[in-house]
Amino acid sequence: MNLETSLIPWVEDIARKNDSSGHALYIMKDGKTVLEHYGGYHSFEPGAQKVNPTSRFNIASARKSYIGLMVAYVLYDGLLKIDQPVHDYVKVKDPVFRGVSIRHLLTHTHGIGEGDSGLYTEFTPGENWSYNNVGVDTLAHLVMEMYGVTISSFLQGRIFNQLEWVETGWMTETSHELVKIIGNRDEKPMDGLHPDSDGTRKNLFVSARELAWWGQLHLDKGKVGNRQIVPEEVVNLATSIHTPESLLDELPRNGAFWYVQDIPRMKSEIGDAVPAGSYQILGVTGPTILVIPKYQIVAVKMYNKRYNYGGADYLRYLKEFSNRVADACT
């Protein structure tokens, strides 16, 4: 089995089944591009542009890996302590944060739910795992307060500008490179924009290749060529497991929002064939970035359909993608 024959038909098949108007696939091995594939259109609208190398997809929750890296910087600089109570930092002393640490916020183990009437306690911090945006939203505003700059300007100055990336950014206005988000085929597509570009919102648009380069930056421990763009320890903090050890075996393990593989876990989004030390993150619109250090692989797939294919069984297909990548490397 090789990457091309294993992945291209699979990615195209899921695009059809999920009614995604466009898709992309970008694979790097040993720091080099080994597979680049684009298909479909930016939307189902008449005259929509074909997906191409400069097409930028809204990566939804995959953006958390960018916020996670800034959190790792703050931990590295000692401005946050991972086991420090959130109440030590947050000015608003909301009682739902009682007993919640930075570690809990990073790993979806904080136990705080969000409903129409506001935040509420779902479970005792550290005793369970529940995916929502409370952790990322709280930490995003906290790290901006620590540094006195926005997430977007911090990453732009420290990383994007240095590497001359021009296909990554939080977008407030439409442009011909931006892929629309499909809800239902017969409805007007969503633009995915937001008036705020500070990095806290779900308006991060990235091309498949620059998302792969983001993964490669992590795989290479922050180094590009002979330049150390990000301190190695910052990358280690972002991609090492921080989940409380007492959590049930079936539940996922997380770094700074990344899902990190140690052993196969039933409710993880990473497939059983993927070796330990690998990490992955995805978004509701279909983007996935998978990094497998053992095989020196970075694999990116992109879709533009809101909600991952498979409904209640969506984890099966997320695992299948990562398993196919891993199997093709062995």
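This is a predicted model: local features need pLDDT of at least 70, side-chain atom pairs count only at pLDDT 80 or more; totals for chains, interfaces and linings use all residues.
## The three-stranded sheet

Three strands form an open sheet in the order β3-β7-β6, and their pairing is antiparallel. The edges are held by β3, residues 56–58, and β6, residues 168–170, each of which pairs on one side only. From one strand to the next, the twist averages 25 degrees.

Strand β7 covers residues 204–207 and is joined to β3 by three bridges, the two strands running antiparallel. Within this part of the sheet, asparagine 58 stands opposite phenylalanine 205 of β7.

## The largest pocket

The largest pocket holds about 810 Å³ of space. Its lining is made up of 30 residues, and those closest to the centre are Ser61, Tyr131, Gly283, Val284 and Asn308. Two or more lining residues come from each of the elements β11 (279–282) and α8 (314–328). Helix α8 gives the largest share, with three residues.

Sorted by class, this lining contains 15 nonpolar residues, 10 polar ones and five charged ones.

## The second largest pocket

The volume of the second largest pocket is about 180 Å³. Its lining consists of Arg63, Asn133, Asp137, His141, Gly192, Leu193, His194, Thr200, Arg201, Lys202 and Asn203. By class, one of these residues is nonpolar, six are polar and four are charged.

## Two residues with positive phi

Alanine 60 has a phi near 50 degrees, which is a positive value in a residue other than glycine. Alanine 60 sits in the loop that runs between β3 and α2, the latter spanning residues 64–76. Is alanine 60 buried or exposed? The relative accessible area of alanine 60 is 7%, and the cut-off for buried is under 20%, so alanine 60 counts as buried.

Phenylalanine 257 also belongs under this heading: its phi is near 75 degrees, a positive value in a residue other than glycine. The loop in which phenylalanine 257 lies is between α7 (232–239) and β10 (259–260). Phenylalanine 257 is classed as buried because its relative accessibility is 1%.

Key: Residues are numbered from 1 along each chain as its sequence is written. Side-chain values use heavy atoms; hydrogens and water are left out. Two strands pair if DSSP finds at least two bridges between them. Helices (H or I, at least four residues) and strands (E, at least two) are DSSP runs, numbered from the N terminus. Axes are lines fitted to C-alpha atoms, for helices over the stretch in contact, and angles run from 0 to 180 degrees between N-to-C directions. On a 1 Å grid over the protein atoms alone, a cavity is a set of points where a 1.4 Å probe fits but cannot get out, and a pocket is an open set with protein on both sides within 12 Å along at least five of seven lines; lining residues have an atom within 4 Å of a point. Grid points are joined across faces, edges and corners, and a volume is the space filled by probe spheres set on the points. Ala, Val, Leu, Ile, Met, Phe, Trp, Tyr, Cys and Pro count as nonpolar, Asp, Glu, Lys and Arg as charged, and the others, Gly among them, as polar. Buried means under 20% relative accessible area, exposed over 50%, partly exposed in between (1.4 Å probe, protein chains only).
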